[in-house]
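This report describes one protein chain for a reader new to structures. Look over the sequence and the model first, then read the sections in order.

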Amino acid sequence: MWNYILPLYHEKFYFVALWFLAYSVMGWVVESIYISICNKKITNRGYIKGPICPIYGFGGTLIHAILQRFAGNYYVIFFVGALLATTVEYVTARIMIRVFGCVWWDYTNKPFNYKGILCLESTIGWGLYCVMDMMFLKNAIFFAIGKLPFTIGKAIVVFALLYYFSDFILTTKKNRNGEIELEENSVMQFK
């Protein structure tokens, strides 16, 4: 039945979808904890209601695929990873500005920032994250995905992607209708 809903029989798509979801959820968890500490209150850093930040899913999956060829060379991984992740952050910001008129982060108070959408602190953080990912995080993710029964993995992918897209559409509609109040300290307006 699942094969008729989404062609998940293709093994590559299956694993990439699970990597995307794993990086998206982990990014949401880390960022929500960090921002909650900074704000001194619980803060959901995702655009949608659920625990997912797709920028981390796209970035983590793309960067991992590119950095694989540098496995073991952690200086190169740091610099190339920092550059790639900062590029993903910049492109995402430009798309968000064009589509939503705002960005869900604001680095204007950080030193060495570029228009509030990039900053040196985050670029260094991305490089360190890439090194940490290549040293041990990716192995834990791949191990967990490898242990997951295929039928359960397909169900997770189908459910998570359907949930994400429906929540994204609903949240976008509410946002355009002005029904969502954006947090002043974590969103930079461009309208």
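## Terms and basis

A contact means that heavy atoms lie within 4.5 Å. This is a predicted model, in which local features need pLDDT of at least 70 and side-chain atom pairs count only at pLDDT 80 or more, while totals for chains, interfaces and linings use all residues. Residues are numbered from 1 along each chain as its sequence is written, and side-chain values use heavy atoms, with hydrogens and water left out.

## Overall make-up

The protein chain has six helices and four strands. Helices (H or I, at least four residues) and strands (E, at least two) are DSSP runs, numbered from the N terminus. Their order along the sequence is α-α-α-α-β-β-β-α-α-β.

Of the 191 residues, 41% count as buried. Buried means under 20% relative accessible area, exposed means over 50%, and partly exposed lies in between (1.4 Å probe, protein chains only). The chain exposes about 11700 Å², and carbon and sulfur atoms supply 69% of that area. Accessible areas come from the Shrake-Rupley method with a 1.4 Å probe; for residues, only the protein chains shown count as cover. Among contacts between residues at least 6 apart in sequence, 71% join residues at least 24 apart.

## Aspartate 167

Aspartate 167 lies in helix α6 (residues 150-176). Because its relative accessibility is 9%, aspartate 167 counts as buried. Leaving aside residues up to four places away in sequence, aspartate 167 touches Ile48, Lys49 and Gly50.

## Helix α2

Valine 29 belongs to helix α2 (residues 11-39) and counts as partly exposed because its relative accessibility is 34%. Phenylalanine 15 is also found in helix α2; its relative accessible area of 25% makes phenylalanine 15 partly exposed. Phenylalanine 15 and lysine 154 are 139 residues apart in sequence, and their C-alpha atoms are 9.7 Å apart in space.

## Helices α3 and α5

Two packed helices are described by the angle between their axes and the distance between the axes. The axes of helix α3 (residues 54-67) and helix α5 (residues 120-147) come within 11 Å and cross at roughly 85°. Therefore α3 is roughly perpendicular to α5. The contact is made by residues including Tyr56 and Ile63 of α3 and Trp126 and Phe142 of α5.

Axes are lines fitted to C-alpha atoms, for helices over the stretch in contact, and angles run from 0 to 180 degrees between N-to-C directions. Angles under 35 degrees count as roughly parallel, over 145 as roughly antiparallel, 65 to 115 as roughly perpendicular and the rest as oblique.
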